[in-house]
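Please open the structure in a viewer and keep the selection panel at hand. The tour below moves from the whole chain to single side chains.

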Amino acid sequence: KKKTKKSGLLFAKSKKFHANGVNHNIRFFEPYPFVTRSAKGKFLQDVDGNKYIDYWMGHWSLILGHAHPAVSNQVKKQLPSCWMHGTVNEMTVSFSEIIQKAVPVAEKIRYVSSGTEATMYAVRIARAFTGKKIIAKIDGGWHGYATDLLKSVNWPFDQQESKGVADDLHVVSMPYNDLQKSLNILNSVKDDLAGVIIEPVLGGGGCIPATKEYLAGIQEFVHKNNALFLLDEIVTGFRFSFGCLYKMMGLDPDIVTLGKIVGGGFPIGVICGKDKIMDITDTSSHTKMDRSYIGGGTFSANPITMTAGRAMLSHLKKNSGSLYDKIGALGERARKELTQVFDGKVVTTGKGSLFMTHFLSNDISEIKSAQDASRCNAKMLQKYHFDMIAKDGIFFLPGKLGAFSAVHSQSDVKDLICASERFAATI
Ligand code: PMP
(Lines give C-alpha, C1' and ligand atoms only; values in the text may rest on other atoms or scores of the structure.)
Protein backbone atom coordinates (compact mmCIF):
# COMPACT_ATOMS: atom_id res chain seq x y z
CA LYS A 1 0.00 0.00 0.00
CA LYS A 2 2.93 2.30 0.67
CA LYS A 3 4.04 1.95 -2.95
CA THR A 4 0.62 2.64 -4.39
CA LYS A 5 -0.72 5.66 -2.52
CA LYS A 6 -1.91 7.51 -5.62
CA SER A 7 -3.54 4.34 -6.92
CA GLY A 8 -5.33 3.97 -3.58
CA LEU A 9 -6.76 7.48 -3.77
CA LEU A 10 -7.72 7.20 -7.43
CA PHE A 11 -9.30 3.82 -6.95
CA ALA A 12 -11.35 5.13 -4.03
CA LYS A 13 -12.60 7.81 -6.41
CA SER A 14 -13.25 5.22 -9.09
CA LYS A 15 -15.51 3.42 -6.63
CA LYS A 16 -17.71 6.50 -6.51
CA PHE A 17 -18.37 6.22 -10.20
CA HIS A 18 -18.20 2.50 -10.99
CA ALA A 19 -19.68 -0.51 -9.25
CA ASN A 20 -16.80 -2.04 -7.29
CA GLY A 21 -14.55 0.54 -8.94
CA VAL A 22 -14.03 -1.45 -12.15
CA ASN A 23 -15.54 -1.98 -15.56
CA HIS A 24 -14.66 -5.62 -15.96
CA ASN A 25 -15.32 -7.67 -12.83
CA ILE A 26 -12.07 -9.61 -12.96
CA ARG A 27 -9.94 -6.45 -12.89
CA PHE A 28 -10.71 -6.00 -9.19
CA PHE A 29 -8.39 -7.62 -6.66
CA GLU A 30 -7.78 -7.08 -2.95
CA PRO A 31 -7.00 -4.74 -1.34
CA TYR A 32 -7.35 -2.56 -4.47
CA PRO A 33 -5.94 -2.76 -7.98
CA PHE A 34 -3.19 -0.34 -8.98
CA VAL A 35 -4.27 2.27 -11.49
CA THR A 36 -2.34 2.13 -14.75
CA ARG A 37 -0.95 5.26 -16.31
CA SER A 38 0.83 3.84 -19.33
CA ALA A 39 2.16 0.70 -20.92
CA LYS A 40 4.99 -0.03 -23.31
CA GLY A 41 6.56 -3.28 -24.44
CA LYS A 42 6.45 -5.75 -21.57
CA PHE A 43 5.77 -3.12 -18.90
CA LEU A 44 2.73 -1.64 -17.24
CA GLN A 45 3.38 1.54 -15.26
CA ASP A 46 1.03 2.73 -12.53
CA VAL A 47 0.20 6.26 -11.42
CA ASP A 48 2.75 6.03 -8.58
CA GLY A 49 5.52 5.25 -11.06
CA ASN A 50 5.84 1.52 -10.25
CA LYS A 51 6.65 -0.70 -13.21
CA TYR A 52 5.41 -4.24 -13.64
CA ILE A 53 6.44 -6.93 -16.10
CA ASP A 54 3.06 -7.77 -17.51
CA TYR A 55 1.83 -11.34 -18.04
CA TRP A 56 -1.83 -10.36 -18.32
CA MET A 57 -1.13 -8.50 -21.56
CA GLY A 58 -4.49 -6.92 -22.14
CA HIS A 59 -6.60 -10.00 -21.44
CA TRP A 60 -3.99 -11.98 -23.50
CA SER A 61 -4.69 -9.89 -26.59
CA LEU A 62 -1.28 -8.24 -26.91
CA ILE A 63 0.92 -10.95 -28.36
CA LEU A 64 3.42 -8.30 -29.52
CA GLY A 65 3.40 -6.50 -26.16
CA HIS A 66 2.05 -3.05 -25.38
CA ALA A 67 2.07 -0.27 -27.98
CA HIS A 68 3.97 -2.21 -30.63
CA PRO A 69 5.07 0.11 -33.46
CA ALA A 70 3.92 -2.36 -36.14
CA VAL A 71 0.37 -1.58 -35.01
CA SER A 72 0.66 1.98 -33.73
CA ASN A 73 2.36 3.28 -36.91
CA GLN A 74 -0.48 2.02 -39.09
CA VAL A 75 -3.14 3.34 -36.72
CA LYS A 76 -1.47 6.76 -36.62
CA LYS A 77 -1.42 6.81 -40.42
CA GLN A 78 -5.11 5.98 -40.52
CA LEU A 79 -6.29 8.56 -37.99
CA PRO A 80 -6.25 11.58 -40.35
CA SER A 81 -8.53 9.69 -42.78
CA CYS A 82 -10.89 9.22 -39.87
CA TRP A 83 -11.48 6.63 -37.21
CA MET A 84 -15.13 6.01 -37.89
CA HIS A 85 -16.89 5.83 -41.24
CA GLY A 86 -20.05 3.84 -40.65
CA THR A 87 -19.82 2.68 -44.27
CA VAL A 88 -18.03 -0.11 -46.11
CA ASN A 89 -14.26 0.43 -46.08
CA GLU A 90 -11.20 -0.84 -47.93
CA MET A 91 -9.16 -2.08 -45.00
CA THR A 92 -11.83 -4.58 -43.99
CA VAL A 93 -11.46 -6.30 -47.35
CA SER A 94 -7.69 -6.61 -47.16
CA PHE A 95 -7.88 -7.72 -43.52
CA SER A 96 -10.36 -10.45 -44.40
CA GLU A 97 -8.13 -11.63 -47.23
CA ILE A 98 -5.43 -12.35 -44.65
CA ILE A 99 -7.83 -14.07 -42.24
CA GLN A 100 -9.41 -16.23 -44.92
CA LYS A 101 -6.03 -17.52 -46.10
CA ALA A 102 -4.96 -18.40 -42.56
CA VAL A 103 -8.33 -19.70 -41.33
CA PRO A 104 -9.92 -21.72 -44.13
CA VAL A 105 -13.28 -22.09 -42.33
CA ALA A 106 -13.67 -18.32 -42.81
CA GLU A 107 -15.37 -18.68 -46.18
CA LYS A 108 -17.54 -15.83 -44.96
CA ILE A 109 -16.69 -13.40 -42.18
CA ARG A 110 -18.58 -10.89 -40.05
CA TYR A 111 -16.91 -8.46 -37.65
CA VAL A 112 -18.29 -7.20 -34.37
CA SER A 113 -16.72 -5.30 -31.48
CA SER A 114 -16.34 -7.99 -28.83
CA GLY A 115 -15.89 -11.70 -28.38
CA THR A 116 -19.18 -11.77 -26.52
CA GLU A 117 -21.05 -10.59 -29.59
CA ALA A 118 -19.26 -13.10 -31.79
CA THR A 119 -20.23 -16.11 -29.68
CA MET A 120 -23.76 -14.79 -29.18
CA TYR A 121 -24.17 -14.63 -32.94
CA ALA A 122 -22.49 -18.01 -33.50
CA VAL A 123 -25.05 -19.63 -31.25
CA ARG A 124 -27.89 -17.81 -32.98
CA ILE A 125 -26.67 -18.97 -36.38
CA ALA A 126 -26.47 -22.57 -35.15
CA ARG A 127 -30.07 -22.43 -33.96
CA ALA A 128 -31.27 -20.73 -37.13
CA PHE A 129 -29.39 -23.04 -39.48
CA THR A 130 -30.44 -26.29 -37.81
CA GLY A 131 -33.91 -25.22 -36.75
CA LYS A 132 -33.11 -26.70 -33.35
CA LYS A 133 -32.72 -25.04 -29.98
CA ILE A 134 -30.26 -26.67 -27.63
CA ILE A 135 -26.67 -25.47 -27.33
CA ALA A 136 -24.18 -27.55 -25.38
CA LYS A 137 -21.27 -25.82 -23.71
CA ILE A 138 -18.54 -26.83 -21.30
CA ASP A 139 -18.50 -26.60 -17.50
CA GLY A 140 -16.20 -23.62 -16.90
CA GLY A 141 -16.37 -22.47 -20.53
CA TRP A 142 -16.31 -18.69 -20.86
CA HIS A 143 -17.66 -17.18 -24.05
CA GLY A 144 -18.49 -13.71 -22.77
CA TYR A 145 -21.43 -12.26 -20.94
CA ALA A 146 -24.40 -12.63 -23.28
CA THR A 147 -27.41 -14.26 -21.67
CA ASP A 148 -27.32 -17.37 -23.88
CA LEU A 149 -23.91 -18.49 -22.65
CA LEU A 150 -23.68 -17.03 -19.15
CA LYS A 151 -24.22 -20.43 -17.72
CA SER A 152 -22.02 -23.04 -15.97
CA VAL A 153 -19.04 -20.67 -15.99
CA ASN A 154 -17.98 -20.69 -12.31
CA TRP A 155 -18.01 -23.42 -9.73
CA PRO A 156 -20.53 -24.74 -8.63
CA PHE A 157 -21.52 -25.12 -12.26
CA ASP A 158 -25.16 -26.00 -11.64
CA GLN A 159 -25.86 -22.69 -9.86
CA GLN A 160 -27.11 -19.68 -11.78
CA GLU A 161 -24.31 -17.22 -12.67
CA SER A 162 -26.30 -14.08 -12.11
CA LYS A 163 -29.59 -12.65 -11.07
CA GLY A 164 -31.44 -10.96 -13.84
CA VAL A 165 -30.76 -13.46 -16.60
CA ALA A 166 -33.84 -15.39 -17.60
CA ASP A 167 -32.69 -18.99 -17.16
CA ASP A 168 -31.86 -20.39 -20.57
CA LEU A 169 -33.39 -23.81 -20.56
CA HIS A 170 -31.88 -24.48 -23.94
CA VAL A 171 -28.28 -24.64 -22.80
CA VAL A 172 -26.76 -27.83 -21.41
CA SER A 173 -23.28 -28.21 -20.01
CA MET A 174 -20.68 -30.98 -20.18
CA PRO A 175 -17.46 -31.85 -18.35
CA TYR A 176 -14.32 -30.96 -20.35
CA ASN A 177 -12.13 -33.79 -21.58
CA ASP A 178 -14.58 -36.45 -20.35
CA LEU A 179 -15.79 -37.81 -23.66
CA GLN A 180 -18.08 -40.52 -22.38
CA LYS A 181 -19.96 -38.30 -19.95
CA SER A 182 -20.18 -35.54 -22.54
CA LEU A 183 -21.55 -37.90 -25.19
CA ASN A 184 -24.16 -39.16 -22.74
CA ILE A 185 -25.33 -35.60 -22.16
CA LEU A 186 -25.37 -34.84 -25.87
CA ASN A 187 -27.21 -38.05 -26.56
CA SER A 188 -29.96 -37.08 -24.14
CA VAL A 189 -30.67 -33.90 -26.14
CA LYS A 190 -29.65 -34.97 -29.63
CA ASP A 191 -33.01 -34.46 -31.33
CA ASP A 192 -33.04 -30.78 -30.44
CA LEU A 193 -29.28 -30.16 -30.51
CA ALA A 194 -28.37 -27.07 -32.55
CA GLY A 195 -24.69 -27.02 -31.74
CA VAL A 196 -21.82 -27.36 -29.33
CA ILE A 197 -19.53 -24.48 -28.43
CA ILE A 198 -16.06 -25.24 -27.06
CA GLU A 199 -12.76 -23.50 -26.38
CA PRO A 200 -9.93 -25.77 -27.60
CA VAL A 201 -7.92 -24.51 -24.63
CA LEU A 202 -10.15 -23.65 -21.71
CA GLY A 203 -9.01 -20.09 -20.89
CA GLY A 204 -10.90 -18.52 -17.99
CA GLY A 205 -11.72 -22.06 -16.79
CA GLY A 206 -8.08 -22.78 -15.97
CA CYS A 207 -5.79 -22.78 -19.04
CA ILE A 208 -6.51 -26.40 -19.89
CA PRO A 209 -5.97 -27.82 -23.38
CA ALA A 210 -8.59 -30.21 -24.71
CA THR A 211 -7.31 -33.53 -25.94
CA LYS A 212 -7.61 -34.15 -29.64
CA GLU A 213 -9.58 -37.29 -28.90
CA TYR A 214 -12.13 -35.29 -26.90
CA LEU A 215 -12.68 -32.61 -29.53
CA ALA A 216 -12.76 -35.11 -32.39
CA GLY A 217 -15.25 -37.27 -30.50
CA ILE A 218 -17.57 -34.34 -29.85
CA GLN A 219 -17.22 -33.15 -33.43
CA GLU A 220 -18.14 -36.57 -34.78
CA PHE A 221 -21.26 -36.80 -32.62
CA VAL A 222 -22.33 -33.29 -33.50
CA HIS A 223 -21.96 -33.81 -37.22
CA LYS A 224 -23.72 -37.19 -37.14
CA ASN A 225 -26.66 -35.50 -35.47
CA ASN A 226 -26.96 -32.59 -37.90
CA ALA A 227 -25.80 -30.00 -35.43
CA LEU A 228 -22.98 -27.47 -35.71
CA PHE A 229 -19.53 -27.67 -34.18
CA LEU A 230 -18.62 -24.18 -32.96
CA LEU A 231 -15.07 -23.55 -31.84
CA ASP A 232 -14.40 -20.48 -29.75
CA GLU A 233 -10.83 -19.53 -30.70
CA ILE A 234 -11.01 -16.04 -29.21
CA VAL A 235 -8.03 -16.88 -27.01
CA THR A 236 -6.34 -19.54 -29.16
CA GLY A 237 -6.61 -17.95 -32.61
CA PHE A 238 -3.16 -16.77 -33.77
CA ARG A 239 -1.79 -17.64 -30.32
CA PHE A 240 0.16 -20.81 -31.20
CA SER A 241 0.72 -20.41 -34.92
CA PHE A 242 -0.32 -18.12 -37.73
CA GLY A 243 -3.89 -19.35 -37.81
CA CYS A 244 -6.16 -21.39 -35.60
CA LEU A 245 -5.65 -24.30 -33.30
CA TYR A 246 -8.35 -26.33 -35.06
CA LYS A 247 -6.13 -26.63 -38.11
CA MET A 248 -3.16 -27.81 -36.05
CA MET A 249 -5.48 -30.40 -34.49
CA GLY A 250 -7.00 -31.53 -37.78
CA LEU A 251 -10.55 -30.54 -36.81
CA ASP A 252 -13.39 -29.46 -39.05
CA PRO A 253 -15.51 -26.84 -37.25
CA ASP A 254 -18.50 -25.16 -38.90
CA ILE A 255 -18.01 -21.80 -37.24
CA VAL A 256 -14.95 -20.37 -35.51
CA THR A 257 -15.06 -17.23 -33.39
CA LEU A 258 -12.01 -15.00 -33.10
CA GLY A 259 -11.20 -11.92 -31.01
CA LYS A 260 -8.39 -10.57 -28.82
CA ILE A 261 -5.12 -10.93 -30.83
CA VAL A 262 -6.70 -10.37 -34.25
CA GLY A 263 -7.84 -6.87 -33.26
CA GLY A 264 -4.28 -5.71 -32.69
CA GLY A 265 -5.38 -4.49 -29.24
CA PHE A 266 -8.55 -2.77 -30.44
CA PRO A 267 -12.09 -4.02 -29.74
CA ILE A 268 -13.02 -6.94 -31.97
CA GLY A 269 -14.98 -10.13 -32.40
CA VAL A 270 -15.06 -12.19 -35.60
CA ILE A 271 -17.51 -14.81 -36.77
CA CYS A 272 -15.90 -17.06 -39.36
CA GLY A 273 -18.03 -19.70 -41.02
CA LYS A 274 -18.50 -21.96 -43.96
CA ASP A 275 -20.36 -20.43 -46.90
CA LYS A 276 -23.32 -22.75 -46.74
CA ILE A 277 -23.91 -21.82 -43.11
CA MET A 278 -23.13 -18.10 -43.22
CA ASP A 279 -25.47 -17.80 -46.20
CA ILE A 280 -28.38 -17.76 -43.75
CA THR A 281 -27.19 -14.36 -42.53
CA ASP A 282 -27.38 -12.80 -46.02
CA THR A 283 -30.19 -10.26 -45.84
CA SER A 284 -30.40 -9.81 -49.61
CA SER A 285 -31.25 -13.41 -50.31
CA HIS A 286 -33.29 -14.13 -47.18
CA THR A 287 -36.44 -12.65 -45.78
CA LYS A 288 -36.93 -11.85 -42.14
CA MET A 289 -38.65 -15.20 -41.74
CA ASP A 290 -35.78 -17.37 -42.93
CA ARG A 291 -32.62 -15.50 -42.03
CA SER A 292 -30.45 -15.34 -38.96
CA TYR A 293 -30.06 -11.73 -37.96
CA ILE A 294 -26.45 -11.14 -37.05
CA GLY A 295 -25.39 -7.81 -38.53
CA GLY A 296 -25.49 -4.98 -36.04
CA GLY A 297 -22.99 -2.86 -34.20
CA THR A 298 -22.26 0.84 -34.72
CA PHE A 299 -18.53 0.16 -34.49
CA SER A 300 -18.44 -3.17 -36.38
CA ALA A 301 -15.50 -3.23 -38.82
CA ASN A 302 -14.53 0.34 -37.91
CA PRO A 303 -11.46 1.58 -39.79
CA ILE A 304 -9.19 1.70 -36.75
CA THR A 305 -9.82 -1.85 -35.58
CA MET A 306 -9.54 -3.13 -39.15
CA THR A 307 -6.26 -1.25 -39.67
CA ALA A 308 -4.85 -2.41 -36.35
CA GLY A 309 -5.92 -6.01 -36.97
CA ARG A 310 -4.43 -6.00 -40.44
CA ALA A 311 -1.18 -4.54 -39.11
CA MET A 312 -1.06 -7.15 -36.35
CA LEU A 313 -1.65 -10.09 -38.67
CA SER A 314 0.75 -8.78 -41.31
CA HIS A 315 3.46 -8.50 -38.68
CA LEU A 316 2.69 -11.92 -37.24
CA LYS A 317 2.75 -13.48 -40.68
CA LYS A 318 6.19 -12.08 -41.46
CA ASN A 319 7.59 -13.16 -38.10
CA SER A 320 5.51 -16.22 -37.38
CA GLY A 321 8.27 -18.84 -37.46
CA SER A 322 10.61 -17.30 -34.93
CA LEU A 323 7.92 -15.57 -32.87
CA TYR A 324 5.78 -18.61 -32.08
CA ASP A 325 8.85 -20.77 -31.47
CA LYS A 326 10.23 -18.19 -29.08
CA ILE A 327 7.13 -17.58 -26.97
CA GLY A 328 6.26 -21.29 -27.00
CA ALA A 329 9.70 -22.10 -25.58
CA LEU A 330 9.26 -19.47 -22.84
CA GLY A 331 5.93 -21.04 -21.89
CA GLU A 332 7.36 -24.52 -21.83
CA ARG A 333 10.26 -23.45 -19.63
CA ALA A 334 7.96 -21.57 -17.23
CA ARG A 335 5.62 -24.56 -16.86
CA LYS A 336 8.52 -26.91 -16.21
CA GLU A 337 10.48 -24.75 -13.80
CA LEU A 338 7.44 -23.55 -11.85
CA THR A 339 6.51 -27.17 -11.23
CA GLN A 340 10.03 -27.79 -9.90
CA VAL A 341 10.08 -24.65 -7.74
CA PHE A 342 6.90 -25.59 -5.91
CA ASP A 343 8.11 -29.12 -5.47
CA GLY A 344 4.92 -31.15 -5.89
CA LYS A 345 2.60 -28.51 -4.46
CA VAL A 346 1.42 -27.25 -7.84
CA VAL A 347 0.45 -28.46 -11.28
CA THR A 348 1.11 -26.14 -14.18
CA THR A 349 -1.19 -26.23 -17.19
CA GLY A 350 -1.26 -24.57 -20.55
CA LYS A 351 0.03 -24.78 -24.05
CA GLY A 352 2.64 -22.83 -25.97
CA SER A 353 2.89 -19.34 -24.56
CA LEU A 354 -0.06 -19.73 -22.16
CA PHE A 355 0.57 -21.03 -18.67
CA MET A 356 -1.11 -21.27 -15.30
CA THR A 357 -0.12 -22.48 -11.86
CA HIS A 358 -2.63 -24.45 -9.78
CA PHE A 359 -1.99 -24.99 -6.07
CA LEU A 360 -3.10 -28.52 -5.33
CA SER A 361 -5.72 -29.29 -2.70
CA ASN A 362 -8.66 -31.66 -2.17
CA ASP A 363 -6.64 -34.68 -3.43
CA ILE A 364 -6.42 -33.19 -6.90
CA SER A 365 -3.28 -34.32 -8.71
CA GLU A 366 -4.18 -33.71 -12.34
CA ILE A 367 -6.01 -30.82 -14.00
CA LYS A 368 -8.09 -31.92 -16.94
CA SER A 369 -11.24 -29.88 -16.48
CA ALA A 370 -12.57 -26.72 -14.90
CA GLN A 371 -13.94 -28.93 -12.15
CA ASP A 372 -10.40 -30.04 -11.25
CA ALA A 373 -9.17 -26.45 -11.47
CA SER A 374 -11.92 -25.13 -9.22
CA ARG A 375 -11.02 -27.61 -6.51
CA CYS A 376 -7.48 -26.24 -6.32
CA ASN A 377 -6.44 -23.62 -3.78
CA ALA A 378 -7.55 -20.41 -5.51
CA LYS A 379 -6.73 -18.29 -2.46
CA MET A 380 -3.10 -19.39 -2.57
CA LEU A 381 -2.89 -18.53 -6.26
CA GLN A 382 -4.26 -15.05 -5.55
CA LYS A 383 -1.76 -14.66 -2.74
CA TYR A 384 1.12 -15.78 -4.96
CA HIS A 385 0.15 -13.38 -7.72
CA PHE A 386 -0.44 -10.51 -5.33
CA ASP A 387 2.88 -11.15 -3.63
CA MET A 388 4.69 -10.79 -6.96
CA ILE A 389 2.83 -7.57 -7.75
CA ALA A 390 3.77 -6.04 -4.41
CA LYS A 391 7.34 -7.29 -4.07
CA ASP A 392 8.71 -8.21 -7.47
CA GLY A 393 7.05 -5.90 -9.96
CA ILE A 394 5.57 -8.86 -11.81
CA PHE A 395 1.94 -8.67 -12.85
CA PHE A 396 -0.48 -11.50 -13.38
CA LEU A 397 -4.12 -10.62 -13.01
CA PRO A 398 -4.54 -12.42 -9.68
CA GLY A 399 -5.92 -15.90 -10.23
CA LYS A 400 -5.62 -15.85 -14.01
CA LEU A 401 -3.38 -17.54 -16.53
CA GLY A 402 -0.29 -15.78 -17.84
CA ALA A 403 0.74 -15.20 -21.43
CA PHE A 404 4.17 -14.68 -22.91
CA SER A 405 4.39 -12.18 -25.70
CA ALA A 406 7.11 -11.36 -28.21
CA VAL A 407 8.61 -8.78 -25.83
CA HIS A 408 9.32 -11.27 -23.04
CA SER A 409 12.68 -13.00 -22.85
CA GLN A 410 14.46 -15.84 -21.08
CA SER A 411 15.63 -13.39 -18.41
CA ASP A 412 11.98 -12.64 -17.58
CA VAL A 413 11.39 -16.35 -16.99
CA LYS A 414 14.42 -16.35 -14.74
CA ASP A 415 13.01 -13.42 -12.74
CA LEU A 416 9.63 -15.12 -12.53
CA ILE A 417 11.24 -18.28 -11.24
CA CYS A 418 13.29 -16.35 -8.65
CA ALA A 419 10.17 -14.55 -7.41
CA SER A 420 8.32 -17.87 -7.25
CA GLU A 421 11.16 -19.45 -5.29
CA ARG A 422 10.93 -16.71 -2.74
CA PHE A 423 7.19 -17.19 -2.43
CA ALA A 424 7.52 -20.98 -2.30
CA ALA A 425 9.81 -20.63 0.69
CA THR A 426 7.03 -18.87 2.61
CA ILE A 427 4.34 -21.53 2.19
N1 PMP B 1 -14.59 -16.30 -25.57
C2 PMP B 1 -13.45 -16.55 -24.91
C3 PMP B 1 -12.82 -17.90 -25.05
C4 PMP B 1 -12.88 -15.57 -24.10
O5 PMP B 1 -11.76 -15.83 -23.40
C6 PMP B 1 -13.50 -14.30 -24.03
C7 PMP B 1 -12.91 -13.16 -23.22
N8 PMP B 1 -12.05 -13.48 -22.22
C9 PMP B 1 -14.69 -14.09 -24.73
C10 PMP B 1 -15.19 -15.10 -25.50
C11 PMP B 1 -15.41 -12.78 -24.65
O12 PMP B 1 -14.73 -11.81 -25.34
P13 PMP B 1 -14.96 -10.25 -24.99
O14 PMP B 1 -14.42 -10.04 -23.63
O15 PMP B 1 -14.18 -9.53 -26.06
O16 PMP B 1 -16.41 -10.00 -25.09
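Helices (H or I, at least four residues) and strands (E, at least two) are DSSP runs, numbered from the N terminus. On that basis, the protein chain has 13 helices and 16 strands. The model is a predicted one, in which local features need pLDDT of at least 70 and side-chain atom pairs count only at pLDDT 80 or more, while totals for chains, interfaces and linings use all residues. Residues are numbered from 1 along each chain as its sequence is written, and side-chain values use heavy atoms, with hydrogens and water left out.

**The whole chain**

Select the C-alpha atoms of the protein chain: they fill a box of roughly 65 × 55 × 45 Å along the principal axes. Of the 427 residues, 55% are buried, where buried means under 20% relative accessible area, exposed over 50%, and partly exposed in between (1.4 Å probe, protein chains only).

Next, select residues 269-273, which form strand E12; 5 of the 5 residues are buried, so the strand is largely enclosed by the rest of the structure. In a regular strand the side chains alternate between the two faces of the sheet. Here both faces are covered, with Gly-269, Ile-271 and Gly-273 on one side and Val-270 and Cys-272 on the other.

Two strands pair if DSSP finds at least two bridges between them. Strand E11 (residues 255-259) is also antiparallel to E12, again through 5 bridges, and Thr-257 has Ile-271 as its bridge partner.

**An open sheet**

Now display the open sheet of 4 strands with the order E1-E2-E3-E15 and mixed pairing. Strands E1 (36-40) and E15 (394-395) stand at the edges, each with a single partner strand, so one side of each is left without a neighbour in the sheet. Strand E3 (residues 51-54) pairs with E15 in the parallel sense over 2 bridges, and Asp-54 stands opposite Phe-395.

**The ligand shell**

Which residues are around the ligand? Select Ser-114, Gly-115, Thr-116, Trp-142, His-143, Gly-144, Tyr-145, Glu-199, Asp-232, Ile-234, Val-235 and Lys-260; a residue is near a molecule if one of its heavy atoms lies within 4 Å of it. By class, this shell has 4 nonpolar, 5 polar and 3 charged residues.

An oxygen atom of the ligand is 2.5 Å from an N or O atom in the side chain of Thr-116, and an oxygen atom of the ligand is 2.8 Å from a polar backbone atom of Gly-115. A nitrogen atom of the ligand lies 2.7 Å from an N or O atom in the side chain of Asp-232. The protein covers 88% of the 390 Å² of accessible area that the ligand has on its own (Shrake-Rupley method, 1.4 Å probe).

**His-286**

Finally, select His-286 in the loop between helix H9 (275-278) and helix H10 (303-341). Is His-286 buried or exposed? His-286 is buried, with a relative accessible area of 16%. Its side chain makes a polar contact with the side chain of Ser-285 (3.2 Å) and reaches the backbone oxygen of Asp-279 at 3.3 Å. A polar contact is a pair of N or O atoms within 3.5 Å; within protein, one must be able to donate a hydrogen and the other to accept it, and residues adjacent in sequence count only if both atoms are side-chain atoms.

Note on methods:
Nonpolar A, V, L, I, M, F, W, Y, C, P; charged D, E, K, R; others polar.
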